[in-house]
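Me: I am new to reading structures. Please take me through one, feature by feature.

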Amino acid sequence: MSVQYKAIGWNRQKRIYDAWLAAGVALYVAIFAGAGWLSHPDATVETLLIRALGTGAFVLLHVVLSVGPLCRLDLRFLPLLYNRRHMGVTVFLLALAHGIFSVVQFHAGGDRNPFVSLLTANPRLLSLGQFPFELLGLSALGILFLMAATSHDFWLANLTAPIWKSLHMLVYVAYALLVLHVTLGSLQDDRGLVRSALLAAGMAWVFGLHLVAGLRERGADRDAAAPEAGGFVDVCAVADIPECRARVVCLSGERVAVFRYGGKVSALSNACQHQNGPLGEGRVIDGCVTCPWHGYQYLPDSGASPPPFTERVPTFRVRVAGGRVLVDPRPNPPGTRVEPAVVGAPAGGGAHA
Ligand code: HEM
Ligand code: FES
């Protein structure tokens, strides 16, 4: 929702976020490399950096993958989500540095081009113990590059949200490739046991978090009742919706955010046009439904962003009767104005599109 694209719209929050991120990464690399040097004083600087940067990238990738489900489980994690893309780009930069140091250390000493050597030095594709695990890291790096290069809103707008989203779901393919990269790499040196235990804990954390968040959302999705006469569905009591907040319900397989504000009730699709953020977890601020992820805004009655912005989400017809909120599960085209239902109005009021 910007009038024109800027390389990055810096603000104070972003600077603080990035400063913490940079400090955290620098501290991790320094502590990891320092501890490695103390325990293996004969290790080269390149080896220490390869390990510190590789594990740093992989740990940060775990954080990136955890932020989404954590926010589903507890809204206090939302500040982490605000600039998650900066974390993703940092993962790529750390991984790139790790890959470059590895190629310099292991492939630059011979008479072949180091990159050709990386691709061809180990052809034992059928051996588990000797598998060319670096190629798995290289493939993951390719995916991380694609995601970092297209992370800006410019690409989101030009590729369209569904294609951008599918592209960024490749992060799970990258994660699987990296699990194999580290596992098969471990088979080729003597630090396998500790590494395997940490890897298993990391996988259990990521998988467990996604499972718990998914089960919780499925539980919420099951709540919607069967349609009543006229096709409207009784979704909740008016009193169940806090002022300027929403209740999210699942109607015909789609999540709908039902907002209550200033004595009125309106219903919109729950999916923000920016990156599918959960609108129903946002608030009505200055008369606009405000996405909790990056602050895109929509007018509650029309689902359209206020001018000059052009984003639009589908709306739903709403009624309030006997203190209950009833919603027509058939979505209106994005941006269609629907008269809000008035709290306390006689039954049947405020339902025309
Ligand atoms: C061109 C791409 C890559 C190459 C050539 C490469 C190469 C290597 C090598 C040679 C090792 C063994 C290092 C050692 O044990 O001393 C290694 C380990 C590792 N790599 Fe990569 N890698 C690449 C991409 C990646 C990426 C994209 C990530 C993560 C985002 C990653 C994460 C790791 C991790 C966590 C380890 C284990 C480090 C340890 O246990 O100390 N690698 N990689
Ligand atoms: S997802 Fe970014 S503002 Fe809604």
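Me: Where does P114 lie?

Reply: P114 lies in helix α5. This is a predicted model, so read every value as computed from it.

Me: Which residues of α4 are buried?

Reply: The buried residues of α4 are H86, M87, T90, V91, F92, L94, A95, H98, S102, V103 and H107.

Me: What covers the buried residues of α4?

Reply: The cover includes α1, α2, α3, α5 (114-120), α6 and α9.

Me: How do I check the span of α4?

Reply: Count 1.5 Å a residue, using one less than the number of residues. The 24 residues of α4 should therefore span 34 Å, and the end C-alpha atoms are 34 Å apart, which agrees.

Me: Now the metal. Which protein residues are donors to the iron atom of ligand 1?

Reply: Look for donor atoms around the metal. From the protein, they are NE2 of H98 and NE2 of H181, lying 2.0 to 2.1 Å from the iron atom. H98 lies in helix α4 (residues 84-107) and H181 in helix α9 (residues 171-186), so the pair ties together parts 83 residues apart in sequence.

Me: What is the geometry of the iron site?

Reply: Read it from the angles among the donors. The iron atom of ligand 1 has six donor atoms, with angles of 88 to 179 degrees among them. The site is octahedral.

Me: Are H98 and H181 buried or exposed?

Reply: Both H98 and H181 are buried.

Me: Next, the nonpolar core. Which residues touch the most other members of the largest one?

Reply: Think of a core as buried nonpolar residues joined through their side chains. The largest has 55 residues, and F58, L61 and F259 touch the most other members. At least two residues of this core come from each of α1 (12-39), α2 (45-73), α3 (78-82), α4, α6 (133-149), α9, α10 (192-221) and β3 (254-261). The element that gives the most is α2, with 11 residues.

Me: What is F58 in contact with, beyond its neighbours within four places in sequence?

Reply: F58 is in contact with Y175, L178, V179, V182 and L199. There is also a second, separate core of 17 residues, which includes V233, V320, V325 and A341.

Me: And H62: where does it lie, and what does it touch?

Reply: H62 lies in helix α2. With a relative accessibility of 11%, H62 counts as buried. Leaving out residues up to four places away in sequence, H62 touches Y175, G202, M203 and V206. Y175 is also in contact with F58.

Me: How many aromatic pairs are there?

Reply: To read a pair, take the distance between ring centres and the angle between planes. The structure holds four aromatic pairs. Y28 and F32 form a stacked one, 5.6 Å centre to centre with 25 degrees between the planes. These two are four residues apart in helix α1, about one helical turn. Y28 is partly exposed at 27% relative accessible area, and F32 is partly exposed at 31%.

Me: How are F92 and F145 arranged?

Reply: F92 and F145 form a tilted pair, 5.7 Å centre to centre with 50 degrees between the planes. The pair links distant parts of the chain: F92 is in helix α4, F145 is in helix α6, and they are 53 residues apart. F92 counts as buried at 10% relative accessibility. F145 is partly exposed, with a relative accessible area of 46%.

Me: Last, the whole chain. How many helices and strands does it have?

Reply: The protein chain has 10 helices and 11 strands. Its C-alpha atoms fill a box of roughly 85 × 40 × 35 Å along the principal axes. Of its 353 residues, 40% count as buried.

Note on methods
Residues are numbered from 1 along each chain as its sequence is written. Chains are lettered from A and ligands numbered from 1 in the order in which they are written. This is a predicted model: local features need pLDDT of at least 70, side-chain atom pairs count only at pLDDT 80 or more; totals for chains, interfaces and linings use all residues. Side-chain values use heavy atoms; hydrogens and water are left out. Donors are N, O and S atoms within 2.8 Å of the metal (3.2 Å for Na, K and Ca); water is not among the atoms, so sites may look incomplete. Four donors count as tetrahedral if all angles lie between 85 and 135 degrees; four count as square planar and six as octahedral if opposite donors are over 155 degrees apart and all others between 65 and 115; anything else is irregular. Buried means under 20% relative accessible area, exposed over 50%, partly exposed in between (1.4 Å probe, protein chains only). A nonpolar core is a set of buried Ala, Val, Leu, Ile, Met, Phe, Trp, Tyr and Cys residues joined through side-chain atoms within 4.5 Å. Contact means heavy atoms within 4.5 Å. Rings of Phe, Tyr and Trp (its six-membered ring) pair if their centres lie within 6.5 Å; planes under 30 degrees apart count as stacked, over 60 as edge-to-face and the rest as tilted.
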